[in-house]
Amino acid sequence: MTAKKFLVLGMLLFTFLLSLGVHAQEAPKPVYITVTTMHRNLDADRKDWQKTEQEFYDKVTSKNDLIIGSEILNHYFTANSSEVLLVSVFKTWEDIEKSEEISNELVKKAWPDEKARKAFFDKQGSFYTTMHSDEIYNSVPSVGEKQLKTDSKEPMIVYVRKSQLSMNGQGKGMKEFNEKVTFKNPYIKAYYPHRHSWGSDSREFLEAFLFDSFSDIEKAFDKDDELAKATWPKESDRKAFLDEMNKAFTGLHGDYIYRNEPTMSK
């Protein structure tokens with residue numbers, strides 16, 4: 001059960017990402033999520049990095065109304081310890097381009113002196129290597145979302161699962177599984193599904209799960225088993241449902257765990 005169920009469990013960001021801040025009365029519309037993967041300069045001072053990124057968030061990102069969600073996700077358990085994910089959420093594709101114009105204006109307002117502006121961005125750039133990658137995803141509200149509801153200022157654990165869609169038109173039941181299992185799991189504080197819109201792999205399907213602590217991930221596994229058995233008491237029914245749902249995927253997946261920066265979360 002554990003291996004199969006996590007074909008549907010699994011980030012925003014991430015997020016994250018996230019679709020944060022979208023609360024419609026009707027069925028929510030898909031939003032666009034941009035993810036830029038940066039690589040930290042490991043010789044740089046982390047506190048200085050955090051202070052600099054916080055200043056940029058306070059003066060630019062937080063004031064750009066076209067950015068409806070934003071996260072910075074730091075490596076926790078991934079293949080590369082230098083990873084930093086910059087996640088932004090937009091209502092439309094057009095807003096992605098428009099928001100850049102607004103950000104440029106906010107930058108000029110925040111640092112009107114050209115030398116001071118250049119000095120700030122030279123410093124910000126020094127915290128990263130020159131390597132980066134960009135992806136754009138669509139949220140998938142048709143299979144359900146669980147919005148984050150917390151006032152905590154502590155970093156949250158963001159577990160991201162990248163699955164590969166079979167692209168064969170088969171597989172159903174993901175929304176039912178989420179409604180009967182994922183959304184009833186108290187350890188899963190938020191859930192955001194996304195799929196490829198622009199990037200390197202059209203088969204990519206991402207799921208972001210937010211937890212209060214790393215240990216809650218394992219507790220969530222056990223709770224999912226409990227909820228699934230309560231929903232489909234007969235093992236044969238449970239297996240038939242999961243087998244049908246998993247036809248939507250090839251079975252290949254990757255797991256990534258990050259921690260967010262709560263003071264830079266929008």
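I looked for charged patches and noted a negative one made of Glu94, Glu97, Glu100, Glu101 and Glu105. Patch members have over 30% relative accessible area and no salt bridge, and like charges are joined within 9 Å. A salt bridge would be a side-chain nitrogen of Lys or Arg within 4 Å of a carboxyl oxygen of Asp or Glu. Asp and Glu count as negative, and the charge of Glu is placed at CD.

The model is predicted, with local features needing pLDDT of at least 70 and side-chain atom pairs pLDDT 80 or more, while totals for chains, interfaces and linings use all residues. Residues are numbered from 1 along each chain, and side-chain values use heavy atoms, without hydrogens and water.

I then checked glutamate 100, which sits in helix 3 (residues 93–110); helices are DSSP runs of H or I with at least four residues, strands runs of E with at least two. Glutamate 100 counts as exposed because its relative accessibility is 52%, the cut-off being over 50%, with buried under 20% (1.4 Å probe, protein chains only).

Next I turned to strand 1 (residues 32–40), where eight of the nine residues are buried. I found strand 1 paired antiparallel with strand 3 (residues 83–90) over eight bridges, and antiparallel with strand 4 (residues 128–139), also over eight bridges. Pairing requires at least two DSSP bridges. I traced methionine 38 to valine 84 in strand 3 and to histidine 132 in strand 4.

Last, I noted the totals: seven helices and eight strands, and 48% of the 266 residues buried.

Methods
Patch = residues over 30% accessible without salt bridge, like charges linked within 9 Å, V, L, I, M, F, W, Y side chains within 5 Å. Areas by Shrake-Rupley, 256 points an atom, 1.4 Å probe, with all protein chains shown as cover.
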